[in-house]
Amino acid sequence: MASSTGQRPWLFAAVAFWLTAFGIYLVVTAVILWRAAVERLDRDGFQPDSWILMGALAIAVVAGHDIHLQTRTWLALTAFRIILTAWAVATLWIPSLIYFGFHRVEQRPKLLRFTGAWWTLVFPLGMYSVATNMIASDTEWRSLQTVALVFFWDALFAWSVVTVAGLLRIGHAVGSKHSLRVR
């Protein structure tokens with residue numbers, strides 16, 4: 001709204017919402033980590049939906065990138081530092097999420113069966129690709145463009161696998177209901 005109307009109050013509102021979202025992220029992340037550590041709900045690692053911990057930061061990078069581009073004051077540098085930090089923390093989430101994901105499947109291979117929770121892996125991968133591409137353009141670190149491309153293909157592959165698995169499950173459910181009616 002700020003860029004299309006030229007009215008600065010929209011930019012201040014965007015910054016306020018953006019910073020509020022960071023605060024909410026910190027609270028939600030603390031609760032998720034507390035439950036994982038204290039209650040030990042799943043001793044074999046995180047669920048696929050734990051990828052939202054990384055994906056939320058990637059979304060914050062994308063939103064912050066737009067704020068960074070529209071500011072010309074001290075806020076531009078501050079916004080850039082925040083998005084760079086958010087991107088770095090999102091990047092740091094990835095190894096642990098991959099480790100716990102593989103560890104979990106290794107302990108219980110049946111977990112590879114399709115559930116709706118696998119969709120929560122797809123969007124964060126795509127958002128990380130977009131966020132990394134934005135950081136690459138802002139910093140002119142060309143190697144990050146390659147990282148963004150790798151994550152794009154990973155997200156597309158994950159989307160394809162989850163889509164096919166979901167369609168197969170729907171087909172199986174429809175087929176089994178049909179065979180029950182025939183009997």
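Which residues of α3 are buried? In this predicted model, the buried residues of helix α3 are L53, M54, G55, L57, A58, A60, V61, V62, G64, H65, I67 and H68. Buried here denotes a relative accessible area under 20%, exposed one over 50%, and partly exposed anything in between, with a 1.4 Å probe and protein chains only.

**Basis and confidence**

Residues are numbered from 1 along each chain as its sequence is written, and side-chain values use heavy atoms, with hydrogens and water left out. Because the model is predicted, local features need pLDDT of at least 70 and side-chain atom pairs count only at pLDDT 80 or more, while totals for chains, interfaces and linings use all residues. The score pLDDT is the predictor's confidence in each residue, on a scale from 0 to 100. Its mean over the chain is 81, and 77% of the residues reach 70 or more. Confidence is lowest in helix α1 (residues 2-5), with a mean of 58, and highest in helix α5 (residues 119-139), with 91. Where pLDDT is low, predicted coordinates should not be read in detail.

**Overall architecture**

The chain contains six helices and zero strands. Helices (H or I, at least four residues) and strands (E, at least two) are DSSP runs, numbered from the N terminus. Of the 183 residues in the chain, 34% are buried. The chain exposes about 11,800 Å², of which carbon and sulfur atoms supply 70%; these areas come from the Shrake-Rupley method with a 1.4 Å probe, and for residues only the protein chains shown count as cover. Among contacts (heavy atoms within 4.5 Å) with a separation of 6 or more, residues 24 or more positions apart account for 80%.

The expected span is 1.5 Å times one less than the number of residues.

| Helix | Length | Span | Expected span |
|---|---|---|---|
| α3 | 19 residues | 27 Å | 27 Å |
| α5 | 21 residues | 31 Å | 30 Å |

Helix α3 (residues 52-70) packs against α5 at an angle of about 35°, with the axes 8 Å apart. Axes are lines fitted to C-alpha atoms, for helices over the stretch in contact, and angles run from 0 to 180 degrees between N-to-C directions. The crossing is left-handed, meaning that the near helix is turned anticlockwise from the far one by less than a right angle. On the α3 side the meeting residues include M54, A58, V61 and H65, and on the α5 side they include L125, Y128, A131 and M134. After α5 comes E140, whose phi is positive, near 60°.

**Selected residues**

L125 lies in α5 and counts as buried because its relative accessibility is 8%. Leaving aside neighbours within four places in sequence, L125 is in contact with W51, M54, F151, D154, A155 and A158. L125 and A155 are 30 residues apart in sequence and 5.1 Å apart in space, C-alpha to C-alpha.

W119, also found in α5, counts as partly exposed because its relative accessibility is 36%.

I82 belongs to helix α4 (residues 74-107) and, at a relative accessible area of 27%, is partly exposed. Beyond neighbours within four places in sequence, I82 is in contact with W18, L19 and F22. The C-alpha atoms of I82 and L19 are separated by 9.8 Å, although the two are 63 residues apart along the chain.
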